[in-house]
Amino acid sequence: MLNNKKKNIQFCITTNGSLLTKEILNFFNNNEFQLTISYDGLIQDVSRKQHSRIKLLKVIKKIKSYQNIQLEINSVLTPKTAPFFAATLKDMLANELKEITFNFSSFENWGKADLKRLDHEFDSVSQILVDY
């Protein structure tokens with residue numbers, strides 16, 4: 001981040017993490033980047049490439065070792081993945097992910113049954129957060 005009396009500039013990037021190298025992470029660290037990783041937690045292997053969850057968790061662990069990278073996780077829920085919302089949050093917290101944003105796809109058709117399942121998941125998420 002660049003700071004002076006008149007400007008406060010921060011560099012941010014969103015990525016799926018698959019192409020991050022040590023050199024790139026060093027650059028981000030040296031320039032105090034905010035790094036958002038698109039990660040779907042427990043449903044990563046369902047919604048994306050199979051076995052990508054474990055690989056991405058290793059990348060996230062590596063990112064967390066850099067002091068000047070501000071890490072945030074972004075997860076987009078769809079009607080297909082929403083039933084895993086609470087379990088995914090619990091898993092993310094267990095993996096010590098602190099900055100987490102959940103978004104809900106506006107490109108998908110959310111039917112009444114989907115919304116009912118989502119409402120149930122919100123009850124579970126509420127309890128997880130109270131217990132956390």
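Predicted model: local features only at pLDDT ≥ 70, side-chain atom pairs only at ≥ 80, totals over all residues.
Biologist: What describes two packed helices?

Modeller: The angle between their axes and the distance between the axes describe such a pair. In this structure, take helix H4, residues 85–94, and helix H5, residues 112–131. Their axes come within 8 Å and cross at roughly 25 degrees.

Biologist: Are H4 and H5 roughly parallel or roughly antiparallel to each other?

Modeller: Angles under 35 degrees count as roughly parallel, and H4 and H5 are therefore roughly parallel to each other.

Biologist: Which residues make the contact?

Modeller: On the H4 side they are Phe-85, Ala-86, Ala-87, Leu-89, Lys-90 and Leu-93. H5 contributes Leu-118, Glu-121, Phe-122, Ser-124, Val-125, Ile-128 and Leu-129. By type, the residues of this contact divide into ten nonpolar, one polar and two charged.

Biologist: Now the salt bridges. How many does the structure hold?

Modeller: There are three. A salt bridge here is a side-chain nitrogen of Lys or Arg within 4 Å of a carboxyl oxygen of Asp or Glu. One of them joins Arg-53 and Asp-91, with the closest N and O atoms 2.8 Å apart. This pair links distant parts of the chain, 38 residues apart: Arg-53 lies in helix H3 (residues 52–64) and Asp-91 in helix H4.

Biologist: Are Arg-53 and Asp-91 buried or exposed?

Modeller: Buried means under 20% relative accessible area. Arg-53 has 14% relative accessibility, so Arg-53 counts as buried. Asp-91 is also at 14% and therefore counts as buried.

Biologist: What does Lys-64 form a salt bridge with?

Modeller: The partner is Glu-96, and the closest N and O atoms are 4.0 Å apart. Lys-64 is in helix H3, while Glu-96 sits in the loop between H4 and strand S6 (100–104). The two are 32 residues apart, and the pair links distant parts of the chain. Lys-64 is partly exposed, with a relative accessible area of 37%, whereas Glu-96 is exposed at 52%.

Biologist: Where are Asp-114 and Arg-117, and what separates them?

Modeller: Both are in helix H5; they are three residues apart, so about one helical turn separates them.

Methods: Residues numbered from 1 in each chain as written. Heavy atoms only, no water. Axes fitted to C-alpha atoms, helices over the stretch in contact; angles between N-to-C directions. Helix = DSSP H or I, 4+ residues; strand = E, 2+ residues; numbered from the N terminus. Parallel < 35°, antiparallel > 145°, perpendicular 65-115°, else oblique. Contact = heavy atoms within 4.5 Å. Nonpolar A, V, L, I, M, F, W, Y, C, P; charged D, E, K, R; others polar. Buried < 20%, exposed > 50% of the residue type's maximum accessible area, 1.4 Å probe, protein only.
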